[in-house]
Amino acid sequence: MLRWLTRIVVLILVIYLGACAYFFNVAELRNSENDKNYTYAGLPASLKSYVNDFQKRYQASGKIVTIKNDGLKLDAYYLPAEKATNKTVIVIHGFRRNKTGMKAYADMFANLGYNTLTVDNRGHGKSQGHFVGFGWLDKGDVEAWIRYLISKNKNVEIVPFGISMGGATVAMMSGDSLPSNVKALIEDSGYTSVEAEITYEAKEMYNLPQKPFVSTVSLISKLLAGYSYTQASAVKQVEKNTRPMLFMHGGADSYVPTKMVYQLYDADKDPRKQLWIAPNSGHVEGFADHPSAYTAQIKKFLNLYFK
């Protein structure tokens, strides 16, 4: 009897750990989705002209730039503004996407007169890496890109901008000691923490509990990818922010729940913070749904700190 009970317990444990490993692979292991060309794939009609414009600009004056950080080669598009300027936006993509899907955003900033550096996060696109960093590893890479820009121009004025996981990246780096060249921050549709987002998705997609399931997957992440979901907190980082920051989110986001942006906004103690909610928009749909209002909000915010 005891032998059979032991076998059942071992079988349950093996199934449980197998399920946790599967979820880790789904969440963090690089796959073909990370490397597709998203230039026009799934592109809303309202953004097609921006992408076409970017393609023309990039063909005329853009270039690929690469750096190494944490032993990984990282890749980006660099597009100088039509009129020489120190103003530069670092454009950061979301989960399982890459820089090819951020051309409309880069073009929007180009229209506003900014240089743009549109990056591939580690484990995505042309950048090296086997794991998704969920913002926590990516923030160090973006900070390496900041150092790169400063090495090219000591007077560069930088704005990190990101959507979804890229938004979380910006929020997570906001609490770090950043160079004075970083003048402002913009995050669109980022989550409060990796733990909160993974817990939400595990419940929504698989009806799985935070404990012990997400906690076990977090432990696997710590062992294999180098970070736990608990430590990867955007809220705790935003609490230490000392720069002007614009928080943006879709009012009907069910992937990264809209309530998360209010938690991030409330955590920011800097009085220059701003919040904009895209009416009735789903996840990272604010720009596509309201291109004029979205652009105007960003322009108004940045004009306070850039002349």
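Mentor: Start with α6, which gives the most to the lining of the second largest pocket, with 5 residues. This is a predicted model, so local features need pLDDT of at least 70 and side-chain atom pairs 80 or more, while totals for chains, interfaces and linings use all residues. Numbering runs from 1 along each chain as its sequence is written, and side-chain values use heavy atoms, without hydrogens or water.

Two helices each supply at least two residues of that lining: α1 (2-28) and α6 (194-206). Helices (H or I, at least four residues) and strands (E, at least two) are DSSP runs, numbered from the N terminus. A pocket is an open set of points on a 1 Å grid over the protein atoms alone, where a 1.4 Å probe fits, with protein on both sides within 12 Å along at least five of seven lines; lining residues have an atom within 4 Å of a point.

The second largest pocket holds about 220 Å³ of space. Its lining has 13 residues, and Ala-27, Phe-95, Glu-201, Met-205 and Tyr-255 are the closest to its centre. By class, this lining has 10 nonpolar residues, 1 polar and 2 charged. Ala, Val, Leu, Ile, Met, Phe, Trp, Tyr, Cys and Pro count as nonpolar, Asp, Glu, Lys and Arg as charged, and the others, Gly among them, as polar.

Now the largest pocket. About 590 Å³ of space lies in it; a volume is the space filled by probe spheres set on the points, joined across faces, edges and corners. The lining of the largest pocket has 26 residues, with Gly-42, Arg-97, Gly-101, Ile-163 and Val-284 nearest the centre. Two elements give two or more residues to this lining, α3 (103-111) and α10 (286-289). Of the elements, α3 gives the most, with 3 residues. The lining of the largest pocket splits into 15 nonpolar, 8 polar and 3 charged residues.

Ile-163 is found in strand β5, residues 157-163. It counts as buried because its relative accessibility is 8%, and buried means under 20% (1.4 Å probe, protein chains only). Beyond its neighbours within four places in sequence, Ile-163 is in contact (heavy atoms within 4.5 Å) with Ile-92, His-93, Gly-94, Met-102, Tyr-105, Asp-188 and Val-284. Ile-186 is 23 residues from Ile-163 along the chain, and their C-alpha atoms are separated by 8.9 Å.

Definitions and conventions. Buried means under 20% relative accessible area, exposed over 50%, partly exposed in between (1.4 Å probe, protein chains only).
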